[in-house]
Amino acid sequence: MVDGAYSDQIEAIYRRSAPRIRATLIRLLGSFDLADEALHDAFLAASQSWVKTGLPKNPEAWLISAGRFRTIDRLRRRSLDVRYAEDLAHLIALAVHDEEEVELIADDMLRLIFTCCHPALSPDARAAIALREVCGLTTEEIARAFLTLPATIAQRIVRAKGKIREQRIAYAVPESTELEGRRETVLAVIYLLFNEGHLRAGVSERLSDEAIRLGRLLVVMMPDPECHGLLALMLFQQSRRLSRLNDEGDLVLIKDQDRSLWDRAMIADGEDLLARIRTGGEIGSYGLQAAIAGCHARAQNPAETDWRQILSIYDLLMEASPGPVVALNRAVAQAEVDGPAPALATVERLMADPAMQRYAPLYSVRADLLRRLGRIEDARQSYCIALDSSTQPHEFRFLRAKLADLA
């Protein structure tokens, strides 16, 4: 096999497995920074070694082992420096020479999320560091998810990493008695991971797949209504994956999607999870969002969508988890029930929120409502603002097409 073929295989392994390999290295080395170095060293070693020796039977385990032992060797050479001597001593304490620890552990990603959501960290830092270190998002992407500034997110991450290192917080799933205290943040991180994959449709779908895998693990670990609700919500949304983009890679609204492409098995799984929540008699914000997604999934065509039920569920969601994004989504349902004018009034009020002024969907929804009211020039201006705030190519093309339709 030529060198180029090995290079392609290594690149494919990196795209598929790098986040999990890194999560295992963080657990084994006890450090984000050391794990980053180890991951780089491991893939560099693979590019030099596999051409000569061939692809190993278990490439991921090989990479973990190579990265870990190269890190230990490097720390031994630097051990005269007190900073690196401390790291080396910590590795010895972790018993890193145990050969059983080489294998990739299936739930190391979940371990890492729980570590990043440790109660010793401030609430606003937990999700930020988890998205950065687990999902590989940039500070700009995390800031967009939280509707805040990148500099604020960067400060939170630096402080959180420092505290994890100083307090030697264990990279482990906590005991059952401690799970409840971290549940809310863990659920939020998994859903943000899913949404980032959903946002980058056709580019980073593995993020959504990984979020669903973690959601399934969490349901087994913590079988409560909100865990079931989150998994159901992700399954309903993921069921439409094949219909969200057309052949040119452009975004397709749910009302225009080919519903024959929807994954009915995934929808059935979501319905089963909703049934479990209803049986339990308790429903939280994720369960309510899943109920809304289920209304869309049940409709065989757009005309069958029960918008009144969706609006009533949004009213419950506004009580359970009030926020500007929920209010914006409710306005979309309100427009289908009461018409665009009252929905536009809601959207106009949301524009006074400084955080929402950087949120492209706000201007896209406003533009559509203005178009339906015949205010074409105002709609054009709002679409232009949405374009300026958009970050994804398929969203950009969608908004450009909407502008062209107005012309």
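Aspartate 124 is partly exposed in this predicted model, with a relative accessible area of 38%. Its side chain meets that of arginine 156 in a salt bridge, at 3.7 Å from N to O. The two residues lie in distant parts of the chain: aspartate 124 belongs to helix H6 (residues 123-133) and arginine 156 to helix H8 (residues 150-166), 32 residues apart. Arginine 156 has a relative accessibility of 15% and therefore counts as buried, the cut-off being under 20%.

**The chain as a whole**

- The chain contains 19 helices and 0 strands.
- Of its 407 residues, 49% are buried.
- Among contacts with a separation of 6 or more, 63% are between residues 24 or more positions apart.

**Salt bridges**

- A search of the whole structure finds 21 salt bridges.
- One of them joins the side chains of arginine 27 and aspartate 108, with a distance of 2.7 Å from N to O.
- This pair also links distant parts of the chain, since arginine 27 is in helix H1 (residues 3-29) and aspartate 108 is in helix H5 (residues 108-116), 81 residues apart.
- Both arginine 27 and aspartate 108 are buried.
- A further salt bridge connects the side chains of aspartate 368 and arginine 372, at 3.9 Å from N to O.
- Aspartate 368 and arginine 372 are 4 residues apart in helix H17, so about one helical turn separates them.
- An α-helix has 3.6 residues a turn, so residues three or four places apart point the same way.
- Aspartate 368 counts as partly exposed at 22% relative accessibility, and arginine 372 counts as partly exposed at 34%.
- Salt bridges also form a network that links Arg22, Asp33, Asp36, Glu133 and Lys161.

- Helix H5 is mostly covered, with 8 of its 9 residues buried.
- The buried residues of H5 are Asp108, Met109, Leu110, Leu112, Ile113, Phe114, Thr115 and Cys116.
- Arginine 366 is located in helix H17 (residues 360-372).
- Arginine 366 has a relative accessible area of 14% and is therefore buried.
- Apart from neighbours within four places in sequence, arginine 366 is in contact with Leu344, Val347, Glu348, Met351, Asp378 and Ser382.

**Packing of H11 with H13**

- Helix H11 (residues 225-238) packs with helix H13 (residues 285-298) at an angle of about 30 degrees, and their axes are 8 Å apart.
- H11 and H13 are therefore roughly parallel to each other, a description that applies to angles under 35 degrees.
- The crossing of H11 past H13 is left-handed.
- On the H11 side, the contact is made by Glu226, Gly229, Leu230, Ala232, Leu233 and Phe236.
- On the H13 side, the contact is made by Ser285, Tyr286, Gly287, Gln289, Ala290, Ala293, Gly294 and Ala297.
- The residues of this contact of H11 with H13 comprise 8 nonpolar, 5 polar and 1 charged.

**Packing of H11 with H12**

- H11 also packs with helix H12 (residues 264-280), at an angle of about 155 degrees and with axes 8 Å apart.
- H11 and H12 are therefore roughly antiparallel to each other.
- H11 and H12 cross in a left-handed manner.
- Pro225, His228, Gly229, Leu231, Ala232, Leu235, Phe236 and Gln238 of H11 meet residues of H12 that include Met266, Ile267, Gly270, Leu273, Leu274 and Ile277.
- The H12 residues in this contact also include Asp269, Glu271 and Arg276.
- By class, the contact of H11 with H12 holds 10 nonpolar, 4 polar and 3 charged residues.

**Packing of H18 with H19**

- Helix H18 (residues 376-389) and helix H19 (residues 393-406) pack at an angle of about 165 degrees, with their axes 10 Å apart.
- H18 is therefore roughly antiparallel to H19.
- H18 and H19 have a left-handed crossing.
- H18 contributes Ile376, Ala379, Arg380, Tyr383, Cys384, Ala386 and Leu387 to the contact, while H19 contributes Phe396, Leu399, Arg400, Lys402, Leu403 and Leu406.
- The residues of the contact of H18 with H19 divide into 10 nonpolar and 3 charged, with no polar residues.

Notes. Residues numbered from 1 in each chain as written. Predicted model: local features only at pLDDT ≥ 70, side-chain atom pairs only at ≥ 80, totals over all residues. Heavy atoms only, no water. Axes fitted to C-alpha atoms, helices over the stretch in contact; angles between N-to-C directions. Parallel < 35°, antiparallel > 145°, perpendicular 65-115°, else oblique. Left-handed = near helix turned anticlockwise from the far one by under 90°. Contact = heavy atoms within 4.5 Å. Nonpolar A, V, L, I, M, F, W, Y, C, P; charged D, E, K, R; others polar. Buried < 20%, exposed > 50% of the residue type's maximum accessible area, 1.4 Å probe, protein only. Salt bridge = Lys/Arg side-chain N within 4 Å of Asp/Glu carboxyl O.
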